[in-house]
Amino acid sequence: MKSLAAFVTRFYKSIIAFWVLVLVASVYFAIQLPDTLQGDGFRTDGEHQEVMTTLTETFDIPNETILMVFEGSSDEVIEQSLQQVDELGVADTIVSPLEDDSLRDGDLAYAQIHFSEETEDLPAIVDDLKEIANEEESVTLTGGPVINKDINTASQRDLASAEAIGLPIAIVVLLLAFGSVMASFVPLIIGIMTVVISLGILGVIGNSLDLSIFILNIIPMLGLALSIDFALLFINRYKEERVHSSISDAVQTAVRTSGRSIIFSAICVFIGLGAMLVMEVDIFMNIALGGTLVVTLAVLSSLTLLPALLMLIGDRINKWTILRVRPGGSTRWQQFAAFVMKRPVALIVVALVLLGIAIIPVKDMTLSIPQVDSLPEQYESRQSYDLLDNRFGFGEESTVYILAERPEGWDSEQARTDIFDLQEFLLEDEAVTNVSTIYTATDIPSPEALEQQLQVPEAAAALTPAFEGFIQDELLFVPVTLDYEGSSSEAQQWVRDLGEREFDYSLSIGGQPKFNQEIFDEISSKIGLLLAIILGSTFIILMIAFRSLVIPLKAILMNIIGLAATFGILVYIFQFGHFGLPETEIALIIPVIVFSLVFGLSMDYEVFLISRIQEEYVKSQDNTAATIAGLVSTSKIITSAALIMIVITGAFAFTDVMPVKQIGVGIAIAIAIDATIIRLLLVPSLMKLFGKWNWWLPFRKGPYKAGGFH
């Protein structure tokens, strides 16, 4: 760190020039990033994906479908609109309600526009189809590609609105912390540059990787909050050193001291991000990739660009001072610390009761994979989908796609008997409402009747198209309709049970129930490993840092309690529908993302506080005095840093895309609980009660000495 500090102060102008050049180059690619984002990131390379790819390539099952909705449209309007779609030459097939009565219900009808192959031009195709739909007031679009594009648009608007809310409030918090306008704007400059450069790099990466729509909100949220937090810590230390040192010495001291804390904080966040990589679901890998990138840049900008700017600005950091900020701990914090030390047991009981009450709703938590309800209701595609769902019952049933593979093929009497037996086995299940096979498609009642038909050349020729629709070489395709919603646990269990059964041929399963089952099973099977990585790594790092077994155990336990309370409050707000919000299930990604990110972020505050207590304890060997001194000297900076984090992430509570809203609110609540109930009440109270046992480490000889981070 000493070499880095010397390098930065010597070449600060070149460093600033370098960052500005990188920023300018990144802007171009950052602007392009939204166009490269597709899908919600809920994709895993499992059986479902293999089946759907095979169905598209072998059986011409559509890869994507866009629905053109006609409400009160005349047949002439329907025919004219679909003719224009056909003239675009982009759709593989178009199913019109004029030809299929099942696509019409009174004055409401819809057409299916199928795309059999993956195309990178799908967003542009959606735009072309919207132009056609906009020609008639009664015509709208919906379906997966349209909804994803609208979520992308909503995410961009959400980012702009969250920044418009969060950044001004962050400036106020920084003004209260530093007192001057210049000192308040420097962290914002660092944060904005970090985020823009991160988005620019992701814009380049997005051309070769599938990136989720949601990273457009999550990465700026994390990047801004961390960058401003790091800058707050760094500038605070610089101003303390500047009182008795030159500008260059003050900057170098800040790099050497605050730099260590920043790196440690980043390591804690990296652990949470890295742990998400065990979940082989695209959105977790996207967040781990994007999060690692933005955190790395936040560290680099805080340790190079920020000190370089301070060298350039010098004492002008205090320019436009509007508030006089007293250095060090205030009398109020000293009074508060003394209050805590006198009543540790009572405060522990009060804190645990409050957190316990908040935890209660967790027992009712229901998790779901975000669907169309992620999109705000004011979007036309959401309204159209809800309309079709209400009239045609889209969500009441689900379709499972079965692929049966037989090495010797299905062109034999025994094979055709096996097809019939599979059909009857499936129809015996009360959950199955329909099974499509060569028998149901041709109204042939039995294998014997089918064999008789095949003996007649004319009849056999007439059956060929039906056979080709279900059989291709060694593959048999069997669609099954379940009387369960695709997102229901019953549908997931149904495909799980079917997959465990043994047949004389191999069976593969696709469809929404299988997709949901794979996502849920992937997360549930890996959550233990994720927790082990985060908790184990955190324990080892804190044990080495503080040379204690008690402190890391307390820190981990309190973080778990605080996060459990956070999830309980999320259930109360979103699932129970309070504060004017509609009742909605918690997105499946929320517990994993909030736990992984907040656990690392909260360790940041733990280290700030305990390091200071440890430093005083080494000097005095008086646990109570050390706890008071640590609480007084760090409370202001912890509170300010937490407020920044709460403001930046909490601003996303005012956005429209539900998973992003839940992530923002979840992180804000978790940080608020951690910085108040846990860090200001529980930690010092427990430090008081445990006394010298706080610093207990087996097999250590001699007097206690400080660990590595102080």
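Visitor: How many residues does helix α17 have, and how far does it reach from its first C-alpha to its last?
Guide: This is a predicted model. In it, α17 covers residues 457-470, so to speak 14 residues, and reaches 20 Å, close to the 20 Å expected at 1.5 Å a residue.

Visitor: Where does α17 bend?
Guide: At Thr464, by about 40°. A proline, Pro465, follows within four residues.

Visitor: And which residues of α17 are buried?
Guide: Ala459, Leu463, Ala466, Phe467 and Phe470.

Visitor: What covers them?
Guide: The cover includes helices α3 (47-59), α14 (413-427), α15 (438-442) and α16 (447-454), along with strands β9 (471-472) and β10 (475-482).

Visitor: Switching to rings: how many aromatic pairs are there?
Guide: The count comes to 13. Take Tyr110 and Phe392: their ring centres are 5.0 Å apart and the planes sit at 85°, so that pair is edge-to-face.

Visitor: Where do those two sit in the chain?
Guide: Tyr110 is in strand β4 (residues 108-115) and Phe392 in helix α13 (residues 380-392), so the pair links distant parts of the chain, 282 residues apart.

Visitor: Is Tyr110 buried or exposed?
Guide: Tyr110 counts as buried, at 7% relative accessibility. Phe392 is partly exposed, at 22%.

Visitor: What about Tyr401 and Phe477?
Guide: Those rings are tilted, because their centres are 6.1 Å apart with planes at 35°. Tyr401 lies in strand β7 (residues 398-405) and Phe477 in β10, so the pair ties together parts 76 residues apart in sequence.

Visitor: Which residue lies over the face of Trp410?
Guide: Arg406, at 5.4 Å from the ring centre. Trp410 also forms one aromatic cluster with Phe425, Phe503 and Tyr505.

Methods
Residues numbered from 1 in each chain as written. Predicted model: local features only at pLDDT ≥ 70, side-chain atom pairs only at ≥ 80, totals over all residues. Heavy atoms only, no water. Expected span 1.5 Å × (residues − 1). Bend = angle between axes of the 7 residues up to and from the residue. Buried < 20%, exposed > 50% of the residue type's maximum accessible area, 1.4 Å probe, protein only. Contact = heavy atoms within 4.5 Å. Phe/Tyr/Trp six-rings, centres within 6.5 Å; stacked < 30°, edge-to-face > 60°. Lys NZ or Arg CZ within 6 Å of the ring centre and 35° of its normal.
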